[in-house]
Amino acid sequence: VYANHAGYRFLSSDGKHSAPMDVRFWDDLFRNASSWVTTYEQDWVYRQQTYVEQFMDTPGLARSWLLQLDAGAQLNGISVQLCGHLLRHALQAVEMPSVNHARASGDLNSNSNQWSLLDESMILHGLGLRPFKDVFWTSTPQPGSPYVPPDDLTPLACPVREALSATLSTGPVAIGDGIGYTDRELVMRSVRSDGVVLSPSRPAATLDVTLPYRAGLVRHAP
């Protein structure tokens, strides 16, 4: 739609995947959404880059794409969250003032490793980004959910643990309950009455002292 009717420049290598290469696209998108959107999530960043061959073949082109996204967001007062990104994209965010947080865990489902956010938080915090844990349930079970089998409560068996890890991440605390299943008391343990998250000054993260053991440099865990 944007390419055909607005005349914006897009890259495409296979006719299936494309990426805008025109700051006017981002300005238009964010300006139209600025009355009801405060944060934009750029998901699947690594796929966007690897599926469009020009990004892989031309040095600096992917950087230009991300800087154009950032420029459009800044023009319209919208913050950006990176998701599905690689380390190179987190590093690029240093040049992108609109990017203030990034996903630090996998999707919340029965098989995801939510605790990977502790490793990711070390890197993101060092880059000035707030780590974001995925959404979580504040109560369990939630019958009829299309996302998790009713008889599978992992990793959703302990909503208090999920709420705590989200709060200690310093990023957004995002609940993903079905209608009528939100535990308000638990939610209010993470925020003030005005909605401000009770975040620590720095995110919970993997301890440096554990890294030599995990890297196989020492025989015994600390």
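A residue is called buried when its relative accessible area is under 20%, exposed when that area is over 50%, and partly exposed in between. These words are used throughout this report on a predicted model.

**Salt bridges**

Side chains of opposite charge can pair when their charged atoms come close. In this model, a search of the whole structure finds nine salt bridges.

| Pair | Closest N and O atoms |
|---|---|
| K133 and E162 | 2.7 Å |
| R161 and E162 | 3.3 Å |
| D194 and R192 | 2.7 Å |

Start with the salt bridge between K133 and E162. K133 lies in the loop between β6 (130-132) and α8 (159-168), while E162 belongs to helix α8, so the pair ties together parts that are 29 residues apart in sequence. K133 has a relative accessible area of 1%, which is under 20%, so K133 counts as buried. E162 is buried as well, with a relative accessibility of 1%.

E162 also forms a salt bridge with R161. The relative accessibility of R161 is 33%, which makes R161 partly exposed.

How accessible are the two residues of the pair D194 and R192? D194 is exposed at 52% relative accessibility, and R192 is partly exposed at 42%. Elsewhere, salt bridges that share partners join D27, D28 and R31 into one network.

Which residues make the nonpolar surface patch of about 270 Å²? The patch is made by L87, L91 and I123. L91 is part of helix α6, which covers residues 87-92. With a relative accessible area of 47%, L91 is partly exposed.

**Backbone details**

Most residues other than glycine have a negative phi, and most peptide bonds are trans. Some places in this model depart from that pattern, and they are described below.

The peptide bond from T140 to P141 is cis, and its omega is near 0°. P141 sits in the loop between β6 and α8, the loop that also holds K133.

W44 is not a glycine, yet its phi is positive, near 50°. W44 is located in the loop between β3 (39-42) and α3 (45-51). With 42% relative accessibility, W44 is partly exposed.

T170 is another residue with a positive phi that is not a glycine, and its value is about 75°. T170 is in the loop between α8 and α9 (184-188). Is T170 buried or exposed? T170 has a relative accessible area of 7% and is buried.

**The surroundings of Q42**

Q42 lies in strand β3. The relative accessible area of Q42 is 5%, so this residue is buried. What joins the side chains of Q42 and Y40? They are joined by a polar contact of 2.6 Å.

Leaving aside residues up to four places away in sequence, Q42 touches W26, Q48, W65, L69, Q81, L82 and C83.

**Summary**

The model holds nine salt bridges, and the one between K133 and E162 ties together parts that are 29 residues apart in sequence. The backbone has a cis peptide bond from T140 to P141, and phi is positive at W44 and at T170.

Technical notes: Residues are numbered from 1 along each chain as its sequence is written. This is a predicted model: local features need pLDDT of at least 70, side-chain atom pairs count only at pLDDT 80 or more; totals for chains, interfaces and linings use all residues. Side-chain values use heavy atoms; hydrogens and water are left out. A salt bridge is a side-chain nitrogen of Lys or Arg within 4 Å of a carboxyl oxygen of Asp or Glu. Helices (H or I, at least four residues) and strands (E, at least two) are DSSP runs, numbered from the N terminus. Buried means under 20% relative accessible area, exposed over 50%, partly exposed in between (1.4 Å probe, protein chains only). Patches are made of residues with over 30% relative accessible area and no salt bridge: like charges are joined within 9 Å, nonpolar side chains (Val, Leu, Ile, Met, Phe, Trp, Tyr) within 5 Å. Accessible areas come from the Shrake-Rupley method with a 1.4 Å probe; for residues, only the protein chains shown count as cover. A polar contact is a pair of N or O atoms within 3.5 Å; within protein, one must be able to donate a hydrogen and the other to accept it, and residues adjacent in sequence count only if both atoms are side-chain atoms. Contact means heavy atoms within 4.5 Å.
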